[in-house]
Amino acid sequence: MARATSSLLLLLSVMYLAVKSKSATNFIEDSCSVTPYPALCVLTLSFYAAMIQQSPFILAETALSVGLVESQSTKAFMSEVTKFRGLKPREFDAIENCIDDLGDSIDSLSKSVQEMKQMGDAIAKEQEFQSHTSATS
């Protein structure tokens, strides 16, 4: 009997997680539908569905963080491209311009990630204050 109960609880847990993950994926799909590249958005953020769940704040924070990491990776790759032999001056200048633009994007994304973290901290403090206030009333 205990074994059957354990199996049933395990099955229910798996089903709950599957439904929750599906609703998180739907939330991500709906959110990504308004972006310029919805398929890329969904592909990228679906990996984080369990963490995002249905939180617009976590979705935005995750998107910024992923964008930052990918921009840093692209900048590093482009820096390696400048070392290719046989680049024409015009090609080299275009790559350098791309690297500069990526650097600007990285700076902006870094600031945005920091601001989102500060906002998250402020929201958490406010929620803690609200719960403490309602508990003492």
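**Salt bridge, disulfide and helices**

Mentor: Lys83 and Glu80 form a salt bridge, with their closest N and O atoms 3.2 Å apart. A salt bridge here is a side-chain nitrogen of Lys or Arg within 4 Å of a carboxyl oxygen of Asp or Glu. This is a predicted model, in which local features need pLDDT of at least 70, side-chain atom pairs count only at pLDDT 80 or more, and totals for chains, interfaces and linings use all residues. Residues are numbered from 1 along each chain as its sequence is written, and side-chain values use heavy atoms, with hydrogens and water left out.

Trainee: How many salt bridges does a search of the whole structure find?
Mentor: One.

Trainee: Is Lys83 buried or exposed?
Mentor: Lys83 counts as exposed because its relative accessibility is 59%. Glu80 has a relative accessible area of 43%, so Glu80 is partly exposed. The cut-offs are under 20% relative accessible area for buried, over 50% for exposed, and partly exposed in between (1.4 Å probe, protein chains only).

Trainee: Changing topic: which cysteines does the disulfide join?
Mentor: Cys32 and Cys41, with 2.0 Å from S to S. The structure holds one disulfide, counted as a pair of cysteine sulfur atoms within 2.5 Å.

Trainee: Why is that disulfide left-handed?
Mentor: Because the torsion about the S-S bond of Cys32 and Cys41 is about -60 degrees. Both Cys32 and Cys41 are buried.

Trainee: And Cys98, what does that count as?
Mentor: Partly exposed, because its relative accessibility is 29%.

Trainee: What about the fold, how many helices and strands does the chain have?
Mentor: Five helices and zero strands, so defined as DSSP runs: H or I of at least four residues for helices, E of at least two for strands, numbered from the N terminus. Of the 137 residues in the chain, 20% are buried.

Trainee: How far does α5 reach from its first C-alpha to its last?
Mentor: Helix α5 covers residues 89-136, 48 residues in all, and reaches 70 Å, close to the 70 Å expected at 1.5 Å a residue. That expected span is 1.5 Å times one less than the number of residues.

Trainee: What do the buried residues of α5 pack against?
Mentor: They pack against α4, residues 56-81. The buried residues of α5 include Ile99, Leu102, Ile106 and Val113.

Trainee: Which residues is Thr62 in contact with, leaving aside neighbours within four places in sequence?
Mentor: Leu45, Tyr48, Met51 and Ile52. Contact means heavy atoms within 4.5 Å.

Trainee: And Thr74, what does it count as?
Mentor: Thr74, also placed in helix α4, counts as partly exposed because its relative accessibility is 35%. A polar atom of the Thr74 side chain lies 2.9 Å from the backbone oxygen of Glu70.

Note on methods: Polar contact = N/O pair within 3.5 Å; in protein donor to acceptor, adjacent residues only side chain to side chain.
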